[in-house]
Each structure stands twice: as C-alpha cells, then as structure tokens.
Amino acid sequence: MIELKNVCKNYGVTRALADVSFSVEKGEIVGFVGPNGAGKSTTMKIITTYTAPSSGTCSVGGHDVMEDPLAVRQMIGYLPETVPLYYDMLVHEYLEFIGQARHLNGSFKKRYDWVVEATGLGPVLRRKIGVLSKGYKQRTCLAQALIHDPEVLILDEPTSGLDPLQIIGIRNLIRDLAHEKTIILSTHILPEVSSVADRILVVNNGSLVADGSFDKLIQQVTERSSVYVAVKAAKKDFQSAVKSIKGVEDIEFDDNTPRGTVGGHIFYASGKDILPDLNQVIREQNWDVVDFSQERLSLEESFIRLTRSSGQEGGAA
Amino acid sequence: MNDMTIIFKRELKQYFYSPIAYVFSVIFIVLNASLYMFHFFFFGNADMRAFFSTLPLVLGLVFIPAISMRLWSEDYKLGTVELLLTLPMKTEDIVLGKYLAGMVFYLVGLAGTLIIPIVLEVLGSPDWGPIVGGYLGAVMLGGFFMAIGIFISGFFSDQIVSLIITSLTCGFLVLVGWQYVPMVIDGWIPGLGSFLYNFVGVTRHFNDIERGVIDIKNIVYFVSYSAMFLYLNAKSLERRKY
C-alpha cells in the first residue's frame, strides 16, 4: 500500500532523512517512534505529498507521490502535527468545507454524522474553533482526516493534548478502523504504540533503526532477561538450587530483603524459558514465595537503548 | 462546485471574519473621497480626474497589500497550508480561488467610492467616458497589484512582512510610471529612467485607460502580467516542496 525506497530528504545542508526504505501492507497499523527531530514528520510529509523527497521514490496505492500527487491525496487522510484549523470558522463550517474540498457531495451527510459521533464533536459543532480546548481542536482535526473515509490514514501525534479518557477513545477508534484501513501513526507516548500498532518502526537521526513487532524489538535490545524471586530460605540453599537450573547465567542478590528471606535477580538468555524449571525447584524445596516477578524492559527503556546505540553507531561512522 | 469555487467561497468568508479588512476598506474609501473632495470644492469641476490620479498610489501602497497580505501568510502561520496543499486539488485552482476572493473584497471597497459619480450626476453633468474608463482601469490595476501581492504573500509567514514588501513593490511600479520620477532618474543615470518608465512603470497604462482610450494593448498588459504572477505563485508553492 505504501512503499518508500531509499528516500533521502535534505533541508539545505541538514539531512532530515537518510536512505529510508520500508513498505506497509494494506490493513496494517504501523507505529512510528523516535525522538524529536528524528524524521517522523518529514517521512509523513513525503507520503502525503506535502514535501518532495530529495532522492528515492515513494508510492501510495501504486501512485507515485511525485508523478500523480492528486491520486495519492485522494486516498489519504492526514492529521498533521501542527493541527491546521481556521480559528475563525465554526466546527461544522470547517467540516463542511473539508467535505466539499474532498468532493463528498451526496455521501457528505452520512460521513459527517459518523465522524461527529466517532470523534465526539457533538457538543461543540456550533462553536468557533479558536475558542475550543486543545483536545477538541485535536479532535476537529482528526475528524477532518476521517471525513472522506480514506484508505490510508497518516496521523502525526494523534493523541497529543488529549486527556487519558480521550486517549483511550481515540485508541479504540483507531483499533476499530484497523481492519479496513492502512494506518501510520507517530507518537512519543510509547505504551500507546504497543497497544495499537501491529508493527513498530523506530527512527533516529533520519534513518530507520528498527522494524518489527513490539516483542521482537524488546528481544533485539536485550540479550538476557531476568526474573526477580524472593523466598523464605537460606541464601546458600537458594544459590545452589537456582544455579542448578539449566539456562541460568547469573544471580544478583538483593540485600534489602527482610531477615530470613533471600531475594535475587536471576538472569537468563533471552528466548530461553527457565520459568517452569524455576517453579519446579521452588516446589521441591517447599519455599514460601514472597515475591516473584518477571522483569521486562519497558518500552521506554528499549526505546532509549535503541536510539542511543544507533546514535553511537552514527557517531563512529 | 469546482475546486476553485470552494476555495473562493471560504476565502471570501474569511475576509468578513476579521476586522482588519474592514478597517482598511474604510480607510480606503475615506482617504480617496476626502482627497478628491478637497480638489472638487476647490476647482468645482464635475469630473473625477483628481480621484483617478491619486488612486494608483493609494491602491499600491495601502489597500491592495492590506488585502493580499493574508492570502498565503495566514495559512503559513496557522499551518493550514499543509491542509490546503494536501487536498486533492490543483495548486492553480487554490491560487485562483484565493485571488478571486481578494479581488471581490477589493471590488466591494471600490464600489464604496461610486457615491462620487452619483453626487456628480446630481450636481452637474459629468463626462461619463473617463469615469467608466477610470473604473475599468482601477479594476485592471487592482488585479495586477493583487497578483503581485498573492505572489509575495506566498513567501512569508508574517503578514506584516508581506504587506510591506508588496507595498514597496507596487509603490515603486506606480512611481516610475509618473513622468517626473523617471526624469529625475534619467538625470542620474541617463536612459534608466525612461527605460523604467516604458517597460516597468504601470501608471502609463492606467492613465491611458482612465482617459477613456480603451486600447486592447493596455488590457492585454494588465491581464497578462496578472496571469504571469498567479502562475509564478502556483509554481513557487510547488517549488517549496524541494
């Protein structure tokens, strides 16, 4: 559906994108993650034909963005980061204008009702856009992107400025649209991506540093996983019993456990599953378990690791 | 409705949302009418020559730049340029829609001065040729300045900068078309003044139409230059992509 091949973009001497290639299949939801200035918005602007790539090609639904921009624009619903709204217009006037500009004509009424319902704009339809809260402005702009029922949705930070309840609302809306539409969304809020997107693209310094599902990304940045266990037992027994489990690489004892209990972080190679064996040992020894928790890298941590390591590579090169 | 009409309607409405345009319209009408009335009472002639002799400068320095400044600059500031240029429309249609909205607003202001010929008809018997010619010239000249204004507005996100640069450009075009300005320039650099007068100055073409001599050459001059700047505006917006 969307295909970028070796796309570069220079703004003067600044290189915003360096050789970015990826493709998105129909019906896929792709999360675009990266620090500020990484090139997320630039990539989206190229896909929506707002800016041209300096080199490389980009096509949407088989139409090249440079050769047939009107066909591409027809297919895309775009929510830019800047939230483009005419502050003097009323909300319904704005949506009517977009409906006309998108040539909806007959189907406008139906789409308009749907979009107002979906984005919850009902109470503010007759208000001036300029006086709306940030959340409503964001939703008005989202309505603009959805009104023509586009095949492809490009959402640049769709939930910025929304409160947690509204974020959940938008997230559900995106999930509802998922089966029929191809969606690319960018965000800083990482849990949001992992809960909505099938696939995550991490960009840093203008290039793609990772591509894959959430779990795959986590594996990519962590060589070993760990589990924290605290039981009522002697330290010596604990150490020897746990060490005997196949796959355990190291134990790091926790000194802050209460008297009579022992706790430690047990490290093992990612991809191996030691939990059944560990469980078996605990049962055999008849230990009382005080704490047992799988330690996963949070998305934030993996994000930092991904972007940091690629930054170092860039520096070395 | 075609694309141009959709943009035109929205842009025209936008003029009536903001007070700035009203303020400038009132200034335009009052300034022109009072400059003229001074002359009218002093000489007592039932013609509008004084009106049309100051009109190019008032249009070029104040009124047209004030209308044209927002055409693109406002969209840059609001970010709506990203919306407009990703709509499934040709850039030329958007430019033309915006341009016509500016023109209609200008013509409304110009229509406000029609009170003068009405007063003249009541008080005396004016020669209608030069008056009709003068208004036709004002439409042509306004169209030309508006095209320059929208072109310049396409480069700046600040409306005031667009206003000042359009004002300087149009003011220059008017002044080098006044006979004594090129004469002074000729005194410094021989030939430059008359070159500017003949090939750049806009007043000469306006005066021809205003005298009631409606020559196809002058109409072609205004229409083709206006079209050229509109074309350049569309191209510069597409060029901005790179």
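Predicted model: local features only at pLDDT ≥ 70, side-chain atom pairs only at ≥ 80, totals over all residues.
Visitor: What does the secondary structure of chain B come to?
Guide: Chain B comes to 13 helices and zero strands, and its elements run α-α-α-α-α-α-α-α-α-α-α-α-α from the N terminus on. Residues are numbered from 1 along each chain as its sequence is written, chains are lettered from A and ligands numbered from 1 in the order in which they are written, and side-chain values use heavy atoms, with hydrogens and water left out.

Visitor: What share of the residues of chain B counts as buried?
Guide: The share is 50% of the 242 residues. Buried means under 20% relative accessible area, exposed means over 50%, and partly exposed lies in between (1.4 Å probe, protein chains only). On contacts (heavy atoms within 4.5 Å), 77% of those in chain B between residues at least 6 apart in sequence join residues at least 24 apart.

Visitor: Why does B:S162 count as buried?
Guide: B:S162 has 0% relative accessibility, which falls under the limit, so it counts as buried. This serine sits in helix α9 of chain B, residues 159-175. Leaving aside residues up to four places away in sequence, B:S162 touches B:M69, B:S73, B:I152, B:S153 and B:F156.

Visitor: What makes the pair B:S162 and B:S73 a polar contact?
Guide: The side chains of the two serines come to 2.6 Å. A polar contact asks for a pair of N or O atoms within 3.5 Å; within protein, one must be able to donate a hydrogen and the other to accept it, and residues adjacent in sequence count only if both atoms are side-chain atoms. At 2.6 Å the pair lies within that cut-off, so it is listed as a polar contact.

Visitor: Which strands form the open sheet in chain A?
Guide: Four strands form it, in the order β2-β1-β4-β5, with antiparallel pairing. Its edge strands are β2 (14-24) and β5 (63-64), each pairing on one side only. Helix α1 (residues 40-47) packs on this sheet and touches β1, β2 and β4 (55-60), with its direction at about 120° to that of β1(A). Angles run from 0 to 180 degrees between N-to-C directions, with axes fitted to C-alpha atoms, for helices over the stretch in contact.

Visitor: How many bridges join β1 and β2 of chain A?
Guide: Strand β1 (residues 2-11) and β2(A) share seven bridges. Two strands pair if DSSP finds at least two bridges, so seven is enough. Within this pairing, A:L4 has A:F22 as its bridge partner.

Visitor: What makes β7 of chain A mostly covered?
Guide: Five of the five residues of β7 (152-156) are buried. On one side these are A:V152, A:I154 and A:D156, and on the other A:L153 and A:L155. β7(A) runs parallel to β6 (residues 76-79), with four bridges, and parallel to β8 (residues 182-187), with five. A:V152 stands opposite A:I76 and has A:T182 as its bridge partner in β8(A).

Visitor: What is the phi of A:T49?
Guide: A:T49 has a positive phi of about 70° although it is not a glycine. Most residues other than glycine have a negative phi. A:T49 is in the loop between α1 and β4 of chain A, and at 1% relative accessibility it counts as buried. A:E157 also has a positive phi, about 50°; this residue lies in the loop between β7 and α6 (164-177) and is buried at 12%.
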